[in-house]
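Thanks for coming. I will go through one model, starting with confidence and then taking a few local features in turn.

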Amino acid sequence: MGTFKIEGGHQLHGEIIPQGAKNEALQILCAVLLTPEEVVVNNIPDIIDVNKLIDLLKNLGVKVQHKGKGTYSFKADEVDLDYLQTEKFKQDGRGLRGSIMLVGPLLARFGKGYIPKPGGDKIGRRRLDTHFEGFIKLGAQFRYNREEYFYGVEAEKLKGTYMLLDEASVTGTANIVMAAVLAEGTTTIYNAACEPYLQQLCKMLVRMGAKISGIGSNLLTIEGVGQLAGTEHTMLPDMIEIGSWIGLAAMTRSELTIKNVSWDDLGLIPDAFRKLGIQVEKKGDDIFIPKHNDGYAIHNYIDGSILTIADAPWPGLTPDLLSIMLVVATQARGEVIIHQKMFESRLFFVDKLLDMGAKIILCDPHRATVIGHDFRSTLKATTMVSPDIRAGVSLLIAALSAKGTSIIHNIEQIDRGYENIEERLQKIGAKIERV
């Protein structure tokens, strides 16, 4: 179990470049299975979850070449479907939540797809019903081995249809879209997710020859085609990492520039931080955060009532940033309610912030009320364990702002989502080391 040792209380300074988007990478890399031709992908983050998926593709027989930093080529012209029935696949697939998105492309191109029940963050129930109900509506037969927690879908040929998704699941929508592009006829998906990463996937598929309309909306229409060609794709910067660095700058009262953020794809993120009183300035395609030496004040609603920050499907605020905002609020002037609607266990790292001296009332599994310190008292250093990717980085930000030396164990969770994080933080002045 890896460990970070962090000496907090230092102001940071400089520029930081966000990595490629993890959540986009997990979709895009699965889509290479839809064609026997070469697909080149740029700006792939060098993180554990993405590297696990690349290894899964290699084991499936996909030819993978590392072309340079963040750039790989993939050629799925000799896919080994027998690997899907092996114990190694069952073991490897369980360790990665994103492995579920292998099923749609495999089903579309080869008529069958299998997956063990995937793992991932311990942030509450993350059901797979949307994925498999979509495949079934396209004509697939569903199989489930309860003893081995092994799922399977099979179809001689998928048929286009109309479907209304019961939830706007990003991975569910991505999986169904990848299945539908090679189905016979027209597929209409209503209540589709419309996050930028899903838009990126659809745009890539269109360049490969797919026919998709309604991209960016919650109503997608897909006309099936007989085959797809190769393409080249460049991934967006990771919006969750961008939000993390905004929170880091505010909590450490640092002047930071976040480079090449793709402003048009950030949605509500800048305004959500502004509601916490943080100055988020647009400079070209960069974000500039000035020093907040006088702190930052939470905005109330216009009637004076306490602000609530809540997650919602895009274009609402991504749930992955609520833990960051909760930490940032601990040093604000004022109070805020953080309402995590989509996952029932994601606020369960609050006890660690309480140990550091934060003023937080955990109302229930979904809501926490934060009373800010206004920097009149700093958080106190402590020893803690990272429970998942986003909570781990939130605790890291808290530790960098705290007085004294903190220890964070189980940092493999952070490595799953953030590339070379200690080296990048050291370059802007953070006192952090891996021990």
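The chain has an average pLDDT of 94, and 98% of the residues score at least 70; pLDDT is the predictor's confidence in each residue, from 0 to 100. This is a predicted model, in which local features need pLDDT of at least 70 and side-chain atom pairs count only at pLDDT 80 or more, while totals for chains, interfaces and linings use all residues. Residues are numbered from 1 along each chain as its sequence is written, and side-chain values use heavy atoms, with hydrogens and water left out.

Over residues 120–125 pLDDT stays under 50, and the model has 18 contacts for them beyond four places in sequence. Contact means heavy atoms within 4.5 Å. Where pLDDT is low, the predicted coordinates should not be read in detail.

Now the sheet. Helices (H or I, at least four residues) and strands (E, at least two) are DSSP runs, numbered from the N terminus, and two strands pair if DSSP finds at least two bridges between them. The order β21-β22-β1-β23 describes an open sheet of 4 strands with mixed pairing. β21 (383–385) and β23 (431–434) are at the edges with a single partner strand each, so one side of each has no neighbour in the sheet. On average, neighbouring strands of this sheet are turned by 20 degrees against each other, direction ignored. Axes here are lines fitted to C-alpha atoms, for helices over the stretch in contact, and angles run from 0 to 180 degrees between N-to-C directions.

β21 and β22 (residues 405–409) run parallel and are joined by 3 bridges. Which residue of β22 is the bridge partner of Met384? That partner is Ile408. Packed on the sheet is helix α12 (residues 389–401), which touches β1 (3–7), β21, β22 and β23, and whose direction makes about 165 degrees with that of β22.

Asn410 is buried, at 19% relative accessible area; buried means under 20%, exposed over 50%, and partly exposed in between, with a 1.4 Å probe and protein chains only.

Arg253 also has a positive phi, near 50 degrees. Arg253 sits in the loop between α8 (239–251) and β14 (255–258) and counts as partly exposed at 25% relative accessibility. For the backbone there is also a cis peptide bond from Trp314 to Pro315, with omega near 10 degrees. Pro315 is in the loop between β17 (307–310) and α10 (322–329). Most residues other than glycine have a negative phi, and most peptide bonds are trans.

Next, a helix pair. The axes of α1 (residues 22–31) and α2 (residues 48–59) come within 10 Å and cross at roughly 5 degrees. The two helices are therefore roughly parallel, the word used for angles under 35 degrees. Among the residues making the contact are Leu26 and Leu29 of α1 and Leu53 and Ile54 of α2.

Last, the cysteines. How many disulfides does the structure hold? There are 0 disulfides, a disulfide being a pair of cysteine sulfur atoms within 2.5 Å. For Cys194, the nearest cysteine sulfur is that of Cys202, 10 Å away. Cys194 is buried, with a relative accessible area of 9%, whereas Cys363 is partly exposed at 39%.

Notes:
Angles under 35 degrees count as roughly parallel, over 145 as roughly antiparallel, 65 to 115 as roughly perpendicular and the rest as oblique.
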